[in-house]
Amino acid sequence: MAEPGSEFWLYRGLRKAAGTAAHLLGLAFTIGIGVVTKPGTSLFSWHPFLMALAFSFIMTQAILLFSPESSPILSYSRKVKVRSHWVLQGLATVCAVLGLAIISCNKYLNDKPHFTSWHGLVGLVTVLYICMQSVGGMSLLYPKLMRKWSLAKLKLYHATSGLVGYLLGCSSLLLGMCSVWFTETVTGISWYLALCCPVLLALVLMNQMTNAYLKKKRMQP
Ligand code: HEM
């Protein structure tokens, strides 16, 4: 695609800056949640920490490693990137399932009703969705099992539904921060700053995926 020189460099520069910001935000948010919840001090403390680790840090890294501007393994082959992607996504899924099991167990032990809040409902859908997405991702490792669709189509469907999964994850993080527990623990400007993290992550990754990946795939026959 021919793009005028200076505009192209400005565009690449902005995308690199946004990608770097996403790396830092994903890490800062996970550390912040870790500092607030102090994982290990109670059974509940593991839930927000594991969910932040899964969605804000690991999943963000798993997606950004395909970015042509801000991948931490930019110079590595496509094969290494794909392998790292599914290892990280697998790890994120394990953390999310553990996080769900822990909060469900904690509620059961405290005799509290399950899935009664928007956060609980959207969170449940998110975890089920990313489990299905991981199973779907396996069809890309063994494309011969899915003869109905071409590999290009499978990749496009995987990237599109992956973006939906990531946005669901960011929504669950946001709703988690609206919970009574979090709003009582983190107040004032810190609460607003924490809220900005998943919003900015969602915007940056949506832009990176639609511009760099989905557009290219759409153009393929
Ligand atoms: C993508 C990330 C997250 C997912 C998928 C998720 C999922 C869930 C689910 C399914 C429940 C309900 C469990 C049940 O009713 O048995 C729940 C409860 C809870 N979560 Fe999360 N969670 C996430 C992140 C967070 C974060 C970051 C926080 C805190 C900042 C948090 C705080 C809570 C609290 C306080 C509850 C108990 C109250 C309620 O049910 O709303 N969660 N979560």
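This is a predicted model: local features need pLDDT of at least 70, side-chain atom pairs count only at pLDDT 80 or more; totals for chains, interfaces and linings use all residues.

Me: Which residues come nearest to the ligand?
Reply: Ser 117, Gly 120, Gly 123, Ser 172 and Gly 176 come nearest, out of the 27 residues around the ligand.

Me: And which elements give two or more residues to that shell?
Reply: Five helices are listed: H2 (46–64), H3 (78–109), H4 (118–141), H5 (151–177) and H6 (180–185).

Me: Which one gives the most to the shell?
Reply: That is H4, with 6 residues.

Me: How does the shell split by class?
Reply: There are 14 nonpolar residues, 12 polar and 1 charged around the ligand.

Me: Change of topic, the backbone. What is the phi of Asp 111?
Reply: Asp 111 has a positive phi of about 55°, and it is not a glycine.

Me: Where does Asp 111 sit?
Reply: Asp 111 is in the loop between H3 and H4.

Me: Is Asp 111 buried or exposed, and why?
Reply: Asp 111 is exposed because 6 other C-beta atoms lie within 10 Å, and the cut-off for exposed is 12 or fewer.

Me: What about Phe 115, what is its phi?
Reply: Phi of Phe 115 is positive too, near 50°, again in a residue other than glycine. Phe 115 lies in the loop between H3 and H4.

Me: How many C-beta neighbours does Phe 115 have inside 10 Å?
Reply: Phe 115 has 14, so it counts as partly exposed. Buried would need 20 or more.

Technical notes. Residues are numbered from 1 along each chain as its sequence is written. A residue is near a molecule or strand if its C-beta atom, placed from the backbone, lies within 6 Å of it. Helices (H or I, at least four residues) and strands (E, at least two) are DSSP runs, numbered from the N terminus. Ala, Val, Leu, Ile, Met, Phe, Trp, Tyr, Cys and Pro count as nonpolar, Asp, Glu, Lys and Arg as charged, and the others, Gly among them, as polar.
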